[in-house]
Amino acid sequence: MSKTVFKYCLFSLFASLLLCCEKDDICIQDVAETPDLILLMLDSNDENIRKSPPGFNIRAIGTENVLLQSRGDSIPLPLNTQEKVTQFEFILNQGSENENIDTLQINYDRIDQFINRACGYRANFILQQPAITLLNPGNDWIKGFVILKDTITDEKAAHLGILY
Amino acid sequence: MRKLRTWVYYISFWSIGFLGFTQKTQPAGTQKEVLLDSLPVKEKTPLSLRFGIDLFRLTRTQFSNDYSGLELVGDLRVREKLFLAIELGNEKTTKQSEQINFTTSGSYYKIGIDYNMYDNWEGMNNNVHLGFRIASSSHNHLINNYTLLDRTPFWPNFDTPINAGFATGERANLNAQWFEIVAGFKVQLLNNIYLGLSLRLNRLLSDSIPYNFDNIFIPGFNQKTDENKFGGGFNYTLTYNIPFASKKN
């Protein structure tokens, strides 16, 4: 009698050990990764008006990779997680005679946030004072910037507005 | 690793072999003689203390650079079929869990009861037991390094491991409590020397969550998972029995 009970118990223990296989060894695609900085191009006269500059392009300094171009009027900029600054060239009228390049440096601090065992950590950023430094002053087409959200933890809303 | 497997193989071979052996060599008719005796024999519950060591953690310590551990086990026979059981352990292990490399060290204790379901022949003392434990650990984690999750890498050095600062460092003074269901057996190898194997199904009750990390590994409990509070474990014990007193029923 007790042997049958024991065998049953042992079997269920084995079975439950086998069934304990979990899915969290794989990092699920739905889990948000390190967020990009979301940028808006705004009218310098009215910060509420979004507009696209003519012949506009952004180039990242320090890599040959080409940035993915905007989703609508917001531009995602990947920040370098290994540095505290990331530099971009903002190009107006690209390829034409009056091409104007402003080099901007974005200053930030990184905070790493634990997700789970499979995914590990993702980086969050906090914009520093000043958030943007202009590296090549003179003949600037960019007039200024506004911080819309100084902590970059997701890509749901814009973080930075560029005024021109 | 090959040596370790060889050891595990031999140990299991012995234990299974002895289990069969002890049954076969039972002198037949032992029980009948007892029944034929006209005088009623007072049955005694031998109160005995058994203590020993987990061989698996011991061998793993020898053959692995990332693990060192020790588990002392003991049980006290309080009734014919009932044992008070205890396990005391200490573990230190370094793990590479996907993106994070961390070291967990700590100690644990488990206290509970084993019920022997095996009907021994007269004079034999083998156990096939089922039981439970209440367990508790106190431990800490040291995050050695990690790489950030980035599925769409843009910058060339995105996967450089972060070795210092940020989320690395120690998470101290952590603890966890859990419940175990234990099934196993103990086989008498020589007089008073036993070899045992037990399987454990663990259910986490509570744990203190470290800052910006999780108890991915808990000493004594093993892997903790996100969506599932269950875990598993086992030990391979070599124990020595001291029959220090007898208690009359």
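Trainee: Which residue is the bridge partner of A:G144 in strand 9 of chain A?
Mentor: A:L163. Keep in mind that this is a predicted model.

Trainee: What makes strand 7 and strand 9 of chain A a pair?
Mentor: Pairing needs at least two bridges. Strand 7 of chain A is joined to strand 9 (residues 160-163) by 4 bridges, and the two run antiparallel. Therefore they count as paired.

Trainee: In what order do the strands of that open sheet stand?
Mentor: The order is 3-1-9-7 in chain A, with mixed pairing. From one strand to the next, the twist averages 30 degrees.

Trainee: Why is one side of strand 3 and of strand 7 of chain A left without a neighbour in the sheet?
Mentor: Strand 3 (74-77) and strand 7 (144-147) each have a single partner strand, so they stand at the edges.

Trainee: How do you know that strand 2 and strand 4 of chain A pair?
Mentor: The cut-off is at least two bridges. Strand 2 and strand 4 (residues 85-92) of chain A have 4, in the antiparallel sense. So they pair. A:F88 in strand 4 is the bridge partner of A:A60.

Trainee: What makes strand 2 and strand 8 of chain A edge strands?
Mentor: Their open sheet runs 2-4-5-6-8, with antiparallel pairing. Strand 2 (57-60) and strand 8 (151-152) each pair on one side only.

Trainee: How many residues does each chain give to the contact?
Mentor: Chain A gives 34 and chain B gives 35. On the side of chain A, helix 1 has the largest share, 9 residues.

Technical notes
Residues are numbered from 1 along each chain as its sequence is written. Chains are lettered from A and ligands numbered from 1 in the order in which they are written. This is a predicted model: local features need pLDDT of at least 70, side-chain atom pairs count only at pLDDT 80 or more; totals for chains, interfaces and linings use all residues. Axes are lines fitted to C-alpha atoms, for helices over the stretch in contact, and angles run from 0 to 180 degrees between N-to-C directions. Two residues are in contact if their C-beta atoms, placed from the backbone, lie within 7 Å.
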